[in-house]
Amino acid sequence: WLKGREKAPKGAEWDKYVEEWKQLKTEEGAEFDLELNYRAEEIEPQITYGTNPGLGIGITRNIPDSSEVKDGEASYKKSLNYMGFNHGESMLGKEVDYVFLGSCTNGRIEDFRAFASIVKGRKKADHITAWLVPGSHTVEKQIHEEGIYHILTEAGFELRQPGCSACLAMNDDKIPSGKLAVSTSNRNFEGRQGPNSRTLLASPLVAAAAAVSGVVTDPRELLQD
């Protein structure tokens with residue numbers, strides 16, 4: 001990933017640093033207080049339902065009640081009231097108004113590749129407003145070079161200029177009051193993406209699935225096609 005990049009070491013300096021970096025590993029026989037092992041294929045896509053990043057669940061699960069979350073009951077109820085949700089509801093099938101892909105959190109070329117893998121051969125849902133924002137001009141260039149731009153435009157999407165955009169509603173890119181957005185940014189606090197806007201944090205794959213279906217959708221269903 002580093003080799004050949006603008007500020008990476010070159011020539012003999014590169015080889016020297018690579019040898020140093022190879023030493024940055026856990027010593028053989030090291031013991032830890034706790035070891036956790038996960039099977040990645042068993043971790044389902046996640047999505048938030050509340051107004052902080054901690055209020056999230058597996059996309060096929062129902063919204064839990066207050067006894068299952070770490071937030072206090074008052075905070076939990078305030079959060080659900082703001083979002084217009086109730087415990088026990090499924091996230092799947094909730095109608096979405098906006099989809100935001102970007103900008104620094106999930107605006108890497110890998111994120112655009114993932115998004116394109118879902119939308120390729122499909123069309124954006126008519127009622128969805130989608131803002132796709134590369135994290136940098138370098139990423140924007142790669143999107144064009146790899147043919148991702150063609151996939152996106154064929155599916156009815158437009159690529160926007162690199163920048164913060166709807167991540168924190170500092171400019172004209174604001175989610176309107178009451179509208180529901182699936183966003184790949186990293187914060188979903190009240191009003192984060194616009195006054196009284198409602199944000200569901202999710203991955204680029206979940207965002208893409210919502211963009212083409214118009215509702216919260218498990219992207220694994222579309223990847224199996």
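This is a predicted model: local features need pLDDT of at least 70, side-chain atom pairs count only at pLDDT 80 or more; totals for chains, interfaces and linings use all residues.

The stops below go from the whole chain to single residues.

**Whole chain**

Colour by secondary structure. The chain has seven helices and six strands. Follow the elements from the N terminus, and the order reads α-β-β-α-β-α-β-α-α-β-β-α-α. Along the principal axes, the C-alpha atoms fill a box of roughly 60 × 50 × 40 Å. Of the 225 residues, 42% count as buried.

Select residues 98–101, strand E3, together with residues 129–132, strand E4. The two strands run parallel, and four bridges join them. For one of these contacts, pick Tyr-98: its bridge partner in E4 is Thr-129.

Next, show the backbone at Gly-102 and Ser-103. The peptide bond from Gly-102 to Ser-103 is cis, with omega near -20°. Ser-103 lies in the loop between E3 and H3.

**The largest pocket**

Rolling a probe the size of a water molecule over the atoms shows where empty space is left. The largest pocket has a volume of about 200 Å³. To see its lining, select Trp-1, Arg-5, Arg-108, Ile-109, Glu-110, Arg-113, Ser-136, Thr-138, Val-139 and Gln-142. Which elements give two or more residues to this lining? They are H3 and helix H4, residues 137–145. Colour the lining by class, and you get three nonpolar, three polar and four charged residues.

**The cysteines**

Now select the cysteine sulfurs. How many disulfides are there? The count comes to zero. Go to Cys-104 and draw a distance to Cys-167, which holds the nearest cysteine sulfur: the gap is 5.7 Å, and Cys-104 is in no disulfide. Cys-104 counts as exposed because its relative accessibility is 60%, and the cut-off for exposed is over 50%.

Move on to Cys-164. A disulfide would need the two sulfur atoms within 2.5 Å. Cys-164 is partly exposed, with a relative accessible area of 43%.

**Two positive phi angles**

Step to Ser-165. This residue is not a glycine, yet its phi is positive, about 50°. Ser-165 is in the loop between helix H5, residues 148–154, and strand E5, residues 180–183. Is Ser-165 buried or exposed? Ser-165 is buried, because its relative accessible area is 5% and buried means under 20%.

Finish at Asn-196. Its phi is near 65°, again a positive value in a residue other than glycine. Look for Asn-196 in the loop between E5 and strand E6, residues 198–201. With a relative accessible area of 47%, Asn-196 is partly exposed, whereas Ser-165 is buried.

Methods. Residues are numbered from 1 along each chain as its sequence is written. Side-chain values use heavy atoms; hydrogens and water are left out. Two strands pair if DSSP finds at least two bridges between them. Buried means under 20% relative accessible area, exposed over 50%, partly exposed in between (1.4 Å probe, protein chains only). On a 1 Å grid over the protein atoms alone, a cavity is a set of points where a 1.4 Å probe fits but cannot get out, and a pocket is an open set with protein on both sides within 12 Å along at least five of seven lines; lining residues have an atom within 4 Å of a point. Grid points are joined across faces, edges and corners, and a volume is the space filled by probe spheres set on the points. Ala, Val, Leu, Ile, Met, Phe, Trp, Tyr, Cys and Pro count as nonpolar, Asp, Glu, Lys and Arg as charged, and the others, Gly among them, as polar.
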